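Reader: I have not looked at this one before. Can you walk me through a few parts of it?

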Amino acid sequence: MLFSSIVFLFRFLPIFLFIYLLVPEKYRNLVLLSGSLIFYGVGEPYYVLLLIFSILVNYGAGRLIYRRKMQKKRNPKAGKGVLILALVYNFAMLFTFKYWDFAAENVNGLLTDTGWEIPVLQLALPLGISFYTFQIVSYLLDCYRLNFYRGHIKERASFVQFAAYVSMFPQLIAGPIVKYEEVEEGLKQRSISSRKIEEGLKLFSIGLGLKVLLANQIGTLWNSIMTAGAGNLSAAAAWMGAFAYSFQIYFDFWGYSLMAQGLGIVLGFQLPKNFNNPYVSKSLSEFWRRWHITLGRWFKEYLYIPLGGNRRGFLRTTFNLLVVWFLTGLWHGADWNFVLWGLFFFLLLSIEKTGLGKRLEKSKVIGHLYVILLIPVTWVIFAISDKQQLLCYLQNLVGIHTGDIIVGSTQILRYLKEYGILFIFCILFALPYPMRLYRKFKNKWYVILIVAVVFWFSVYEIMIGSDNPFLYFRF
């Protein structure tokens with residue numbers, strides 16, 4: 001079910017909130033769990049069983065880890081066997097549904113002359129499996145790392161609390177990736193007030209506007225340019241398309257994250273911030289401190305630091321970065337363009353760690369230009385999975401043309417007339433100033449009126465538009 005759909009906005013959400021706010025507080029986790037499973041089951045009627053099974057398996061694993069630690073308090077490795085088995089299960093499920101076919105096709109390409117072949121399963125990708133798998137793994141690893149000498153000796157969650165944490169519909173499908181400790185208090189006791197409900201609904205409406213009024217609209221320009229063919233673009237048209245996709249993916253994902261945060265506030269939770277104006281960065285290192293913050297945090301805390309981080313010399317740090325960025329790319333999708341995208345960031349970030357990054361971040365102009373020029377190139381790699389089309393598009397960006405230029409100056413002028421104002425709004429809302437003004441005046445009547453207009457205009461666009469799934473639903 002989409003947040004940006006009439007079914008969610010005017011059927012599911014009102015009915016759910018009516019029941020959720022009406023029942024006594026002690027039953028709200030159960031209502032949240034039930035509503036979340038219904039929300040997921042509408043779009044994934046079969047894979048909701050996979051989600052439920054994952055909840056059962058991992059809740060049991062968490063309890064076993066806790067009991068092993070209680071029995072052997074002086075053994076820091078108590079429960080390690082259970083942890084390993086649980087991790088194998090979770091990553092095996094993720095691999096089977098998301099990466100099996102990708103691996104099989106590549107291995108079969110190497111086995112062409114041998115007569116051997118690995119079967120391709122052609123399984124549909126369960127929505128949000130990458131997100132809820134990482135969330136579950138963070139819970140298990142945090143359970144295993146509990147320090148019994150600092151008083152953390154209580155079981156972390158009841159079954160309903162854990163199930164509600166994993167399946168919580170505001171962030172189930174596309175994040176943010178929430179650590180249990182960030183919602184633990186809310187799951188045990190939370191207060192809901194009219195002020196918080198209003199605040200959450202306003203934030204939700206802003207996110208809806210970013211998705212429907214900016215991301216969806218600028219996405220039509222990217223689609224139009226790609227329809228012409230990656231090899232048939234002038235350099236200016238290729239750059240226009242790259243900037244259009246850069247804005248589309250940003251406002252699409254940031255919009256979802258704001259909607260998730262807003263719904264979380266309505267339900268009594270404070271979900272973590274996932275974006276912090278990444279396009280104003282002065283280096284790619286800074287960009288990744290601001291973009292998809294919870295994913296970057298996950299890889300840093302559960303992979304980069306355990307591998308040794310930057311504490312074991314230049315070569316080991318470089319290797320650790322290579323592992324992290326290879327897997328970051330692969331996490332986003334089972335295709336070679338995602339791997340290339342991750343490795344491209346690894347190369348650039350490695351160069352920045354030699355000292356370039358600090359110099360760029362101290363600059364007033366050069367750093368911004370560096371990010372503004374490089375980020376659209378990275379998103380082109382991210383967006384185009386066909387190797388030939390990707391190569392053609394990258395060549396077009398530097399003025400190398402292999403085909404007839406179909407989208408040239410005439411078409412660019414037409415696009416500027418159609419999308420020029422939209423580009424200005426995208427640039428404006430990529431800056432921190434609109435949200436700063438909103439936070440400062442959010443309780444003023446005229447701001448509430450503006451937010452209401454944004455909501456209803458978004459509803460109008462949804463009603464006259466077609467299917468508009470979030471880009472990160474693919475991951």
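Author: Start with α18, whose buried residues are Val447, Val451, Phe455, Ser458, Val459, Glu461 and Ile462. Buried means under 20% relative accessible area, exposed over 50%, and partly exposed in between, with a 1.4 Å probe and protein chains only. Helices (H or I, at least four residues) and strands (E, at least two) are DSSP runs, numbered from the N terminus.

Reader: Where do those buried residues fall, seen down the axis of α18?

Author: They fall within an arc of 165°, so they line one face of α18. The arc is that of the directions from the helix axis to the C-beta atoms.

Reader: And which residues are exposed on the other side of α18?

Author: Trp445, Ile450, Val453, Trp456, Met463 and Ile464.

Reader: What covers the buried ones?

Author: The cover for the buried residues of α18 includes α1 (6-22), α8 (194-227) and α17 (433-441). Contact here means heavy atoms within 4.5 Å.

Reader: Is this model from an experiment or a prediction?

Author: This is a predicted model, where local features need pLDDT of at least 70, side-chain atom pairs count only at pLDDT 80 or more, and totals for chains, interfaces and linings use all residues. Residues are numbered from 1 along each chain as its sequence is written, and side-chain values use heavy atoms, with hydrogens and water left out.

Reader: New topic: His292. Buried or exposed?

Author: His292 counts as buried because its relative accessibility is 0%. His292 lies in the loop between α10 (284-290) and α11 (293-304), and its phi is positive, near 45°, though the residue is not glycine.
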